[in-house]
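Here is a short tour for anyone who likes to read a model with the viewer open. Have a look at the sequence and the structure, and then we can walk through them together.

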Amino acid sequence: MHELVTLQANLPEAARSPLVDSDGNGPRVYMRTYGCQMNVSDSQTIESMLADSGYRFCDSPEDADVVLVNTCMIRESAEVRALGQLANLSSLKKGNPGRVIGIMGCVAQAKRKEILDSHPYVDIVVGPDSYRRLPLLLEERFISPPGTPGLLETTLMREELYDDIVPRHHGGVTAFVTIIRGCDKFCSFCVVPRTRGRERSRPLPSILREIEHLVSQGVRDIMLLGQNVDSYRWQGRDFADCLLAVAELPGVVRVRYMTSHPTDISDKLLQVMGSHEKICPYLHLPVQSGNNRILSEMNRPYTRERYLDIISRARRYVPGLALSTDIIVGFPTESEHEFEDTVRLMEEVRYDTAFTFKYSERPLTKAAKLTDDIPEAVKVARLERLIDLQQRIAREQNEKQVGKLTEILIEGPAPKDDMMWSGRTPDFRPVVVPRNGECIGDLIKVRLDALVGFTFVASRQH
Ligand code: SAH
Ligand code: SF4
Ligand code: F3S
């Protein structure tokens with residue numbers, strides 16, 4: 001096993017915050033996280049840094065000395081939720097003026113000035129590339145006199161990878177591992193390149209070291225994360241090399257990844273996926289639209305035909321591949337006829353899962369210059385149409401699985417029945433199976449006997 005570069009527990013005492021008392025108890029932190037897995041992973045990095053500085057964590061904002069909110073602004077609804085949280089924080093601050101309130105994540109990055117100007121009770125605003133500064137900012141804030149203006153740290157740094165920090169793992173067999181940060185694709189609807197800056201890949205050795213550490217803590221299932229994992233590049237190695245290296249680590253039972261961009265999917269990657277049994281036959285490949293004019297307006301540089309060709313190649317290389325996607329309806333100027341192309345594409349591909357969204361105009365994006373001209377009622381109708389269609393397809397795809405022999409990785413007790421285990425097939429379908437002496441993290445052979453809703457009921461096979 002490689003040795004970890006830095007294990008937080010081994011950091012010198014000097015790194016601890018001066019706010020830690022003589023019994024070793026530091027201020028209590030309550031953190032709430034919104035948004036994608038990247039934000040979840042960032043919150044784990046922040047927890048690790050703060051724990052290392054002596055901070056403790058608590059489950060309620062009322063008990064906390066520090067309240068941190070990690071925000072998302074991918075759609076207006078996410079931003080409204082984040083700003084709604086800010087309103088709640090104002091009463092927390094009134095209840096205890098010494099409590100430090102910090103806003104982090106994508107809204108903090110994109111709306112830094114507005115947050116401080118219109119929410120004077122916010123003490124700290126920190127963007128996704130500046131979390132390393134958080135312990136110092138907190139210290140500074142604890143000793144600033146009341147009424148001092150809030151502190152802002154939102155420089156987007158090309159080099160920041162948090163590569164030497166081991167994110168705090170919360171137990172369980174699955175862990176997220178960020179391998180690439182930022183995004184250079186600039187899809188015209190998307191705010192992420194503005195909130196997370198330029199694309200940069202982590203060195204492969206440190207990714208592998210982090211995973212070895214996770215395996216030593218009982219993790220078996222690794223989800224490699226990034227806005228576009230398939231753009232990964234490090235010293236001549238590409239994403240296929242990275243995926244293979246992870247799959248070959250002892251103790252890793254499954255590897256998955258998200259998200260992929262259709263322009264970066266290579267035959268080499270598909271070949272690697274099909275050739276290694278630990279790499280799950282699951283591909284999340286957002287299409288966004290099935291119409292070529294809309295794809296071009298979205299700055300997605302592929303056509304419907306090219307996308308369908310990738311799908312058929314992927315299915316050829318990876319037998320039994322499960323597919324999921326993201327789709328936006330009601331992009332500016334999308335006609336009924338163009339929307340129908342998306343419906344037909346869904347029917348043609350037959351995804352196992354689809355995440356469907358109504359277009360939401362975002363600040364700082366190219367599409368924000370267009371008029372958001374599709375009425376809300378039309379967006380809702382198009383969305384409902386896709387949801388209904390996808391539910392039917394997903395049910396049919398699932399029904400085809402009944403009777404199949406497969407393997408599941410046991411994740412924990414079934415939520416509604418302690419006598420059953422809950423796990424997933426390699427293509428990520430949820431399964432429950434009666435408990436019979438197995439342990440969490442075991443990979444067991446099962447037969448999928450029946451389907452209840454979207455969950456399979458299985459029996460153990462030997
Ligand atoms: N990097 C990933 C996902 C980013 S965000 C990718 O390229 O696919 C997840 C999804 O949110 C996107 O795939 C898109 O479908 C959706 N999304 C992004 N911006 C949006 C917007 N302005 N309105 C509605 N949906 C949006
Ligand atoms: Fe956004 Fe496009 Fe980048 Fe995905 S690839 S994060 S949708 S800009
Ligand atoms: Fe949201 Fe930022 Fe992720 S906008 S989806 S938290 S990258």
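By class, how many nonpolar, polar and charged residues does the shell around ligand 1 have? The shell has six nonpolar, four polar and five charged residues. Please keep in mind throughout that this is a predicted model.

## The chain and its domains

Let us begin with the overall layout. The protein chain is divided into four parts: domain 1 (28-153), domain 2 (158-280), domain 3 (287-400) and domain 4 (405-460). Taken over C-alpha atoms, the centres of domain 1 and domain 4 are separated by 38 Å.

## Ligand 1

Ligand 1 is surrounded by 15 residues, and the closest of them are Gln227, Pro286, Gln288, Asp326 and Ser360. Both domain 2 (158-280) and domain 3 (287-400) give residues to this shell, so ligand 1 lies between them.

Two of them involve the backbone: an N or O atom of the Phe189 backbone lies 3.0 Å from a nitrogen atom of ligand 1, and a backbone N or O atom of Gln227 lies 2.9 Å from a nitrogen atom of ligand 1. The side chain of Gln288 takes part as well, with an N or O atom 2.7 Å from an oxygen atom of ligand 1. On its own, ligand 1 has 540 Å² of accessible area, and the protein covers 90% of this.

Around ligand 2 you will find Cys183, Lys185, Phe186, Cys187, Phe189, Cys190, Val192, Pro193, Gln227, Asn228, His261 and Arg300. By class, these are seven nonpolar, three polar and two charged residues.

The shell around ligand 3 consists of Cys36, Asn39, Cys72, Met73, Ile74, Cys106, Val192, Arg196 and Gln227. Six of these residues are nonpolar, two are polar and one is charged. Domain 1 (28-153) and domain 2 (158-280) each contribute at least three residues to the shell around ligand 3.

## Aromatic pairs

Searching the whole structure turns up five aromatic pairs. One of them joins Tyr131 and Tyr162: the ring centres are 6.1 Å apart and the planes meet at 20°, so the pair is stacked. Tyr131 sits in the loop between strand E5 (124-126) and helix H5 (134-143), while Tyr162 sits in the loop between strand E6 (151-153) and strand E7 (174-178); the pair thus links distant parts of the chain, 31 residues apart. Both Tyr131 and Tyr162 are buried.

Phe331 and Tyr359 form an edge-to-face pair, with 5.3 Å from centre to centre and 65° between the planes. Phe331 belongs to the loop between E15 and helix H12 (336-349), and Tyr359 to the loop between E16 and helix H13 (376-399), so the pair ties together parts that are 28 residues apart in sequence. Phe331 and Tyr359 are both buried.

## A buried threonine

To finish, turn to strand E3 (residues 66-71), where Thr71 has its place. Thr71 has a relative accessible area of 1%, so this residue is buried. The Thr71 side chain reaches the backbone oxygen of Met104 at 2.6 Å.

Methods: Residues are numbered from 1 along each chain as its sequence is written. Chains are lettered from A and ligands numbered from 1 in the order in which they are written. This is a predicted model: local features need pLDDT of at least 70, side-chain atom pairs count only at pLDDT 80 or more; totals for chains, interfaces and linings use all residues. Side-chain values use heavy atoms; hydrogens and water are left out. A residue is near a molecule or strand if one of its heavy atoms lies within 4 Å of it. Ala, Val, Leu, Ile, Met, Phe, Trp, Tyr, Cys and Pro count as nonpolar, Asp, Glu, Lys and Arg as charged, and the others, Gly among them, as polar. Domain bounds come from an automatic or database domain assignment. A polar contact is a pair of N or O atoms within 3.5 Å; within protein, one must be able to donate a hydrogen and the other to accept it, and residues adjacent in sequence count only if both atoms are side-chain atoms. Accessible areas come from the Shrake-Rupley method with a 1.4 Å probe; for residues, only the protein chains shown count as cover. Rings of Phe, Tyr and Trp (its six-membered ring) pair if their centres lie within 6.5 Å; planes under 30 degrees apart count as stacked, over 60 as edge-to-face and the rest as tilted. Helices (H or I, at least four residues) and strands (E, at least two) are DSSP runs, numbered from the N terminus. Buried means under 20% relative accessible area, exposed over 50%, partly exposed in between (1.4 Å probe, protein chains only).
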